[in-house]
Amino acid sequence: MTVPLPTATTRWRCTLCGNLTRFDVTRASKVVEYVHLDLAGEPKVEEREVLSETIESVRCRWCNAVDQVELVDRPGADS
Ligand SMILES: [Zn+2]
């Protein structure tokens, strides 16, 4: 199942328990990192460019339902 992506006017809602605020999101992303190493060889990522990103699953923190989210309007959004 494909997870619907929230937009500027919509948000996720768990269809089982109604949770609106807490989810575990499994995300696959392809990124380019600018790694800057100090003289001791300790690496630090100073820039990160996301080339592509896919949400693989969304799990509700309240009831553990996986991919049972729907989109609802955000408060104040015109529908
Ligand atoms: Zn839930």
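Analyst: Arg48 pairs with Glu33 in a salt bridge, with 2.8 Å between the closest N and O atoms; the term covers a side-chain nitrogen of Lys or Arg within 4 Å of a carboxyl oxygen of Asp or Glu. This pair links distant parts of the chain, Arg48 being in strand β3 and Glu33 in strand β2, 15 residues apart. Strands here are DSSP E runs of at least two residues, numbered from the N terminus. Arg48 counts as exposed at 54% relative accessibility, while Glu33 is partly exposed at 35%. The cut-offs are under 20% relative accessible area for buried, over 50% for exposed and partly exposed in between, using a 1.4 Å probe and protein chains only.

A word on the ground rules: this is a predicted model, so local features need pLDDT of at least 70 and side-chain atom pairs count only at pLDDT 80 or more, while totals for chains, interfaces and linings use all residues. Residues are numbered from 1 along each chain as its sequence is written, and side-chain values use heavy atoms, with hydrogens and water left out.

Searching the whole structure turns up five salt bridges. One of them joins Arg13 and Glu70, whose closest N and O atoms are 2.9 Å apart. Arg13 lies in strand β1 and Glu70 in strand β4 (residues 69–73), so this pair ties together parts that are 57 residues apart in sequence. Both ends count as partly exposed, Arg13 at 29% relative accessibility and Glu70 at 31%.

Then there's Asp24 with Arg61, where the closest N and O atoms are 3.0 Å apart. Here, too, distant parts of the chain are linked: Asp24 is in strand β2 and Arg61 in the loop between β3 and β4, 37 residues apart. Asp24 is partly exposed at 23% relative accessibility, whereas Arg61 is exposed at 52%.

Back at Arg13, one of its contacts is Leu20, a contact being heavy atoms within 4.5 Å. Leu20 is found in the loop between β1 and β2 (23–37) and is partly exposed, with a relative accessible area of 34%. Leaving aside neighbours within four places in sequence, Leu20 also touches Arg11, Trp12 and Val72.

Conventions: Helices (H or I, at least four residues) and strands (E, at least two) are DSSP runs, numbered from the N terminus.
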